[in-house]
Amino acid sequence: MKSYSVKELLKGNLLLQEVTINGWVKTFRSNRFIALNDGSTLGNIQCVVDFENFEENLLKRINTGAALKVVGTLVESQGRGQNVEIQVKEILVHGEADPEVYPIQPKKHSLEFLREKAHLRVRTNTFAAVMRVRSALSFAIHQYFRENGFYYFHAPIITGSDAEGAGEMFRVTTLDDKSPKLTDDGGVDYKEDFFGKETNLTVSGQLEAEAYAMALGKVYTFGPTFRAENSNTSRHLAEFWMIEPEMAFFDLDANMDLAEDFIKGVISYVLEHCEEDLQFLEKRLLDEEKTKPQAERSEMALIEKLKFVAENSFKRVSYTEAIDILRNSKPNKKKKFQYPIDEWGADLQSEHERFLVEKHFKCPVILFDYPAKIKAFYMRLNEDGKTVRAMDILFPGIGEIVGGSQREERLDVLKEKMAALNIPEEELWWYLDLRKFGSAVHSGFGLGFERLVLFATGMGNIRDVIPFPRTPQNAEF
Ligand code: 4AD
Ligand code: MG
């Protein structure tokens with residue numbers, strides 16, 4: 001017999017039919033009511049057992065977490081709390097879950113505790129809701145680009161280049177780790193390595209995406225990226241997913257327009273398609289915030305905040321204006337910032353970004369035209385010779401969610417910048433070729449997918465929005 005999902009059954013249009021369903025027990029009370037969930041939706045289907053018809057031994061095997069197949073008739077519910085329920089005729093226990101040792105019991109578990117049980121935590125309502133929203137967001141991203149004339153491009157994961165120039169790469173090698181062959185000057189001889197050169201996991205697919213944008217026009221990558229930065233924060237992962245659109249003939253303004261429209265589009269998608277999960281996550285957040293001092297609570301509830309972002313313009317501010325605001329801000333004058341802002345040129349820390357977004361503008365902010373010194377080599381130099389056509393999008397509660405720029409399309413300027421930063425031309429000969437043959441204005445940006453999921457779900461720690469987080473000292477599972 002065809003089995004149904006809980007989601008289908010809860011719609012209620014199979015009333016009085018015999019149905020089969022497979023799922024996991026959320027709760028079993030009074031030897032009579034099984035709440036069964038199969039992940040298809042937040043809600044459970046109530047299965048009513050007339051225990052006289054079942055052996056006690058069978059009922060004993062029905063504990064929270066057990067996997068069951070249930071056959072019965074879908075009827076209107078007698079009790080409150082649900083519209084329909086199953087009058088159970090048959091139960092098959094696929095697999096038991098011993099309550100003495102099964103860690104996911106029907107009570108509140110801390111997120112920290114659940115992180116240690118990352119293989120089981122998705123069986124809680126919170127994680128199931130987060131992961132369904134994550135899945136919906138991924139779909140929305142592909143849909144947005146498809147509808148806007150972009151091609152999905154797969155950047156390589158193993159690369160020889162350090163796109164961001166920050167040196168935060170994980171090396172990929174098959175060399176003998178005890179006694180690799182050395183060069184004459186004592187370094188490891190990477191000619192002997194698998195690829196005949198030093199390689200690493202990519203920190204960004206941008207450079208390769210640029211090559212593709214210069215032929216396909218508009219492309220995007222959406223894949224895993226890796227950074228060996230030792231930042232143990234609630235916003236950093238060593239392995240995270242990034243969406244990187246790259247567009248030929250787009251200048252920085254067009255890039256900012258696209259980024260804003262894109263974020264609004266995907267947020268609107270989850271507002272429309274994940275209502276139940278978002279309501280649940282909103283309530284979770286409200287409960288969590290009750291334990292915090294008033295000043296730390298968010299001014300808007302989750303759904304209101306998502307609507308606000310989807311419906312209002314982001315504020316566009318130059319780096320120079322932002323520095324003025326920060327320099328004259330209360331926390332700066334009262335020495336409340338960990339990194340005080342004294343002069344133009346300072347790199348912005350998360351505390352500054354959050355001040356601008358949460359306290360000053362109270363809306364998402366796009367900062368643009370940063371000092372060349374604090375940004376990557378590939379960004380287009382402005383006429384002033386000291387700023388570049390960079391843009392970062394800053395979000396409440398998150399800080400930087402997008403980093404992007406118009407790219408330096410002039411061969412001579414790019415070469416000069418690389419020379420100044422000691423980036424050998426031989427390493428990026430192919431990237432320079434793009435400026436030799438049919439070069440054109442082009443732009444792109446990178447959106448940290450997990451930061452977007454954090455924002456959309458109202459979760460507080462990036463480790464809780466990716467199935468199996470990789471962070472310093474942690475690659476379990
Ligand atoms: O600002 P980033 O470093 O920009 C780039 O990599 C560019 N190549 C993108 C481009 O123009 N195509 O990273 C982009 C975004 C950040 O704004 C942030 O949201 C996210 O990636 N990100 C991280 N997310 C989680 N953990 C980390 N360690 C992250 N590092 C960056
Ligand atoms: Mg950045």
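Author: A residue counts as buried when its relative accessible area is under 20%, and as partly exposed between that value and 50%. The model shown here is predicted. In it, E246 has a relative accessible area of 1%, so this residue is buried.

Reader: What forms a salt bridge with E246?

Author: The general idea is that side chains of opposite charge can pair when their charged atoms come close. Here the partner of E246 is R407, with the closest N and O atoms 2.8 Å apart. E246 belongs to strand β12, whereas R407 sits in the loop between β16 and α12, so the pair ties together parts 161 residues apart in sequence. R407 is also buried, at 2% relative accessibility.

Reader: Which helices hold D277 and R132?

Author: D277 and R132 form a salt bridge with an N to O distance of 3.0 Å. D277 lies in helix α7 and R132 in helix α4, so parts 145 residues apart in sequence are tied together. Both D277 and R132 are buried.

Reader: How many residues apart are E358 and R354 in helix α11?

Author: They are four residues apart, about one turn of the helix. The salt bridge between E358 and R354 spans 2.8 Å from N to O. E358 is partly exposed, at 23% relative accessible area, and R354 is partly exposed as well, at 28%.

Reader: Which residues do salt bridges with shared partners join into one network?

Author: That network consists of E210, E246, R407 and R435. The count of salt bridges comes to 27.

Methods:
Residues are numbered from 1 along each chain as its sequence is written. Chains are lettered from A and ligands numbered from 1 in the order in which they are written. This is a predicted model: local features need pLDDT of at least 70, side-chain atom pairs count only at pLDDT 80 or more; totals for chains, interfaces and linings use all residues. Side-chain values use heavy atoms; hydrogens and water are left out. A salt bridge is a side-chain nitrogen of Lys or Arg within 4 Å of a carboxyl oxygen of Asp or Glu. Helices (H or I, at least four residues) and strands (E, at least two) are DSSP runs, numbered from the N terminus. Buried means under 20% relative accessible area, exposed over 50%, partly exposed in between (1.4 Å probe, protein chains only).
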